[in-house]
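My entries follow in the order I looked things up.

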Amino acid sequence: MADSDCKTHDSQTLVDGNLLAAKSFAAAGITHMFGVVGIPVTSFANRAVSMGIRFLAFHNEQSAGYAASAYGYLTGKPGLLLTVSGPGCVHGLAGLSNAAVNAWPMVLISGSCDQADFSRGDFQELDQVAVVRPFSKFSAKATDISQIPNCVFKVLDQALSGRPGGCYLDLPTDVLHQTVSQSEAESLLAAAEKSRAKPQFPSVESSLIEKAVSLLRHAERPLIVFGKGAAFARAENSIKKLVESTGIPFLPTPMGKGLLPDTHELAATAARSLAIGKCDVALVVGARLNWLLHFGEPPKWSKDVKFILVDVCEEEIQLRKPCLGLAGDAKQVLDMINLEIKDDPFCLGKSHPWVEAISKKARDNVSRMEAQLAKDVVPFNFLTPMRIIRDAILGVGSPAPILVSEGANTMDVGRSVLIQTEPRTRLDAGTWGTMGVGLGYCIAAAVASPDRLVVAVEGDSGFGFSAMEVETLVRYQLPVVVIVFNNGGVYGGDRRNPEEVTGPYKDDPAPTSFVPGAAYHVLIEAFGGKGYLVGTPDELKSALAESFSSRKPAVINVTIDPYAGAESGRMQHKN
């Protein structure tokens with residue numbers, strides 16, 4: 001055993017488990033890691049930094065985990081979360097589960113107690129492999145230092161195989177302190193690298209591609225739907241080619257927005273109800289027929305619609321029972337479809353009744369929305385500041401800022417108003433509707449895409465989950481502007497009926513209420529960042545112009561009428 005990372009013994013340089021793990025991740029091409037250090041992983045984090053891996057240190061493992069999951073989505077490489085043992089691992093489950101549900105590649109790495117003391121009540125003792133099981137595609141525990149390189153490569157590869165997701169690596173304290181010679185470490189790394197297998201995608205039979213094209217060709221009202229799975233697959237060019245060669249209208253899911261610009265003439269987002277309610281064939285690429293798409297069922301969808309479902313996971317296709325399932329990588333499948341169409345092209349054309357109907361409905365809905373947005377309402381509702389923010393973001397040009405959005409009303413209104421023009425520039429609560437992702441996502445976006453400004457548009461409740469991470473923004477001087485819609489609480493403070501205000505604690509604040517007029521902008525100023533308090537259009541425009549130009553950490557506290565918006569946003573029927 002060795003107390004230090006490397007030392008000389010019998011003229012041999014020894015490498016301990018911390019350094020070997022760091023070397024393994026570096027050899028695998030890892031460049032970033034998120035987490036909170038402490039017993040027993042502090043030395044591992046330091047060694048990772050020494051190996052060229054940038055470590056982003058957070059205040060809370062939950063936020064760091066959300067950062068790791070979003071980093072995996074944005075880069076296509078597994079995002080890494082490092083935690084201490086026991087409760088640190090438990091806190092990390094937030095990020096791991098988020099990665100699992102959103103199908104993003106991530107690896108949770110946790111230290112664990114000394115193996116000899118397990119089951120004796122050791123410090124932060126926990127069967128962590130069992131705890132992560134519901135959310136981990138694959139888990140590995142290095143029970144000896146010789147297993148570290150192989151375990152590292154396996155969790156990284158499994159995170160990307162098939163449907164991406166979260167994996168877990170357990171590094172016991174005693175293993176981190178074990179040593180091997182430098183030459184043995186190099187041999188272990190070489191052997192593990194040699195045994196790696198590249199991720200494989202299922203191949204799609206040409207007959208199924210022909211059937212898919214035939215369905216689209218003979219459809220009267222075809223629709224192309226794509227989601228964040230297509231964004232992860234980098235399928236934007238393939239989608240563009242398919243849409244523009246066939247003239248078929250398209251509908252992105254919230255995080256599919258930007259694969260094609262929201263302003264594209266075939267975009268059906270502003271005619272969503274018509275598009276999904278009347279289409280007779282829907283090609284769904286990298287999007288699941290879950291609650292976000294009304295399960296693909298009536299009354300939102302026609303009972304006769306034929307779904308062509310493109311998904312990397314065969315099990316997902318079997319679950320949804322579409323008319324036709326194409327299991328494979330979204331980009332590869334779309335390229336096959338495009339190639340099949342090339343030999344016998346077809347195009348609906350602008351004058352096609354279906355295209356005309358979608359275009360007219362979209363224009364009408366956009367006109368109605370713009371009429372509402374044109375009004376300067378003070379005290380602010382949600383629409384007035386959202387319009388000002390939209391225009392400021394569009395004014396940045398290319399590369400477009402990455403938008404991070406969370407909250408009930410704030411996210412719902414933002415999804416309709418804010419415009420995405422480039423791929424993978426929108427991050428929101430995702431498949432699980434997770435609140436608290438905001439600051440973690442911001443930090444991930446800033447390090448994954450350092451050439452882009454990051455703009456968060458958050459409700460005050462969503463911001464509160466991870467607000468302390470504004471110190472992390474300042475510490476690393478990340479180009480992130482956080483805009484907080486402050487309406488005094490969850491949904492907007494106290495909205496109880498008089499008959500609900502009763503009982504021995506009736507004088508307490510409502511369960512949905514926060515301190516009125518909370519000075520969220522002062523929080524970042526405590527750490528040396530820039531804070532703004534705004535309540536008028538001119539104040540907001542000035543704050544946006546200054547903060548966007550400086551590209552420094554900032555919080556803009558936007559005072560919103562507490563009675564604007566609705567309880568539970570657009571999901572009142574669930575509450």
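**Core**

I started at Leu427. Leaving aside neighbours within four places in sequence, Leu427 is in contact with Ala70, Tyr73, Leu74, Met255, Ile402, Leu403, Val404, Ser405, Tyr441 and Ala445. Contact here means heavy atoms within 4.5 Å. Leu427 belongs to the largest nonpolar core, which has 111 residues. Phe34, Leu283, Leu326 and Leu427 are the residues with the most contacts inside that core. Apart from it I found another core of 39 residues, including Ala21, Phe25, Cys167 and Leu176. By nonpolar core I mean a set of buried Ala, Val, Leu, Ile, Met, Phe, Trp, Tyr and Cys residues joined through side-chain atoms within 4.5 Å. Buried is under 20% relative accessible area, exposed is over 50%, and partly exposed is in between (1.4 Å probe, protein chains only).

**Basis and confidence**

This is a predicted model: local features need pLDDT of at least 70, side-chain atom pairs count only at pLDDT 80 or more, and totals for chains, interfaces and linings use all residues. Residues are numbered from 1 along each chain as its sequence is written, and side-chain values use heavy atoms, with hydrogens and water left out.

I checked pLDDT, the predictor's confidence in each residue, from 0 to 100. The protein's mean is 95, and 97% of its residues reach 70 or more. Over residues 1-5 the pLDDT is below 50, and this stretch has 16 contacts in the model beyond near neighbours in sequence. Where pLDDT is low, the predicted coordinates should not be read in detail.

**Strand E6**

What flanks E6? Strand E5 (residues 79-83) runs parallel to E6 and is joined to it by five bridges; pairing takes at least two DSSP bridges. Leu81 stands opposite Leu108. The chain crosses from E5 to E6 through helix H4 (residues 87-102), a right-handed β-α-β crossover. Right-handed means that, with the strands pointing away from the viewer, the path from the first strand over the helix to the second runs clockwise. E6 also pairs in the parallel sense with strand E8 (residues 166-172), over seven bridges. There Gly166 is the bridge partner of Met106.

**Asn338**

Is Asn338 buried or exposed? Asn338 is buried, at a relative accessible area of 5%. Asn338 sits in helix H14 (residues 330-343). Beyond four places in sequence, Asn338 touches Ser238, Lys241 and Leu242. A polar atom of its side chain lies 3.5 Å from the backbone nitrogen of Leu242.

Conventions. Helices (H or I, at least four residues) and strands (E, at least two) are DSSP runs, numbered from the N terminus. A polar contact is a pair of N or O atoms within 3.5 Å; within protein, one must be able to donate a hydrogen and the other to accept it, and residues adjacent in sequence count only if both atoms are side-chain atoms.
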